[in-house]
Amino acid sequence: MYARLNDIVTNLKGLGEVYPPQEVVRKVLRSLPNNWEAKKTTIEEFKDLNTFELEDLIGKLMTYEIEVQVDGGVEVVEKKKKDVAFKATTKRKTMMMRLAQWKVKASWRKVLQIFVSWLKRITTMMRR
């Protein structure tokens with residue numbers, strides 16, 4: 001994160017737009033997501049942003065991120081996995097046998113056979 005931010009600030013200097021370090025610190029704090037609100041407020045209240053260096057801010061944010069991950073804090077939310085369930089059948093007839101019993105035109109039978117083979121591949125991949 002620091003390298004990207006440093007590249008952006010350097011490129012802006014090259015274009016003639018110079019930001020003082022205190023302004024960069026304020027912009028970084030302003031860009032933090034809502035789940036970082038507690039840390040952001042703490043830094044703003046207890047540190048003098050006019051003398052606070054960008055390196056110090058990045059260090060504090062990285063430390064906070066590591067602490068939250070280790071402690072399993074409220075901020076870290078894992079997405080639930082969605083499981084797919086298929087209905088189990090006990091019938092002995094396969095889909096291909098059912099196709100043979102149907103009275104369908106040859107062109108449609110080929111389309112259905114391709115679909116059934118595709119469906120079989122999908123179900124075997126899902127079982128793995």
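Helices (H or I, at least four residues) and strands (E, at least two) are taken here as DSSP runs, numbered from the N terminus. On that basis the protein chain has six helices and zero strands, and its pattern along the sequence reads α-α-α-α-α-α. The model is predicted: local features need pLDDT of at least 70, side-chain atom pairs count only at pLDDT 80 or more, and totals for chains, interfaces and linings use all residues. Residues are numbered from 1 along each chain as its sequence is written, and side-chain values use heavy atoms, with hydrogens and water left out.

Of the 128 residues in the protein chain, 16% are buried; buried means under 20% relative accessible area, exposed over 50%, and partly exposed in between (1.4 Å probe, protein chains only). The accessible surface comes to about 11200 Å², and carbon and sulfur atoms contribute 57% of it. Accessible areas come from the Shrake-Rupley method with a 1.4 Å probe; for residues, only the protein chains shown count as cover. Among contacts (heavy atoms within 4.5 Å) with a separation of 6 or more, 44% join residues 24 or more positions apart.

Helix 1 (residues 2-14) has 13 residues and spans 18 Å from its first C-alpha to its last, close to the 18 Å expected at 1.5 Å a residue. That expected span is 1.5 Å times one less than the number of residues. Just after helix 1, Gly-16 adopts a positive phi of about 95 degrees.

In helix 2 (residues 21-31), the buried residues are Val-24, Val-25, Val-28 and Leu-29. Viewed down the axis of helix 2, these buried residues fall within an arc of 135 degrees, so they line one face of the helix; the arc is that of the directions from the helix axis to the C-beta atoms. The exposed residues Arg-30 and Ser-31 are carried on the face turned away from the buried side of helix 2.

Leu-57 belongs to helix 4 (residues 54-71) and is buried, with a relative accessible area of 0%. Not counting residues up to four places away in sequence, Leu-57 touches Val-25, Val-28, Leu-29, Ile-43 and Phe-52. Leu-57 and Leu-29 are 28 residues apart along the chain, and their C-alpha atoms are separated by 8.7 Å.

Lys-40 lies in helix 3. Leaving aside neighbours within four places in sequence, Lys-40 is in contact with Leu-29, Arg-30 and Leu-32.

Lys-40 forms a salt bridge with Glu-37, the closest N and O atoms being 3.9 Å apart. Because Lys-40 and Glu-37 are three residues apart in helix 3 (residues 37-46), about one helical turn separates them.

The relative accessible areas of selected residues are tabulated below.

| Residue | Relative accessible area | Class |
|---|---|---|
| Leu-57 | 0% | buried |
| Lys-40 | 13% | buried |
| Glu-37 | 35% | partly exposed |
| Leu-119 | 32% | partly exposed |

**A surface patch**

Phe-115, Trp-118 and Leu-119 form a nonpolar patch on the surface, with about 290 Å² of accessible area together. Patches are made of residues with over 30% relative accessible area and no salt bridge: like charges are joined within 9 Å, and nonpolar side chains (Val, Leu, Ile, Met, Phe, Trp, Tyr) within 5 Å. Leu-119 is placed in helix 6 (residues 106-127).

Note on methods: Salt bridge = Lys/Arg side-chain N within 4 Å of Asp/Glu carboxyl O.
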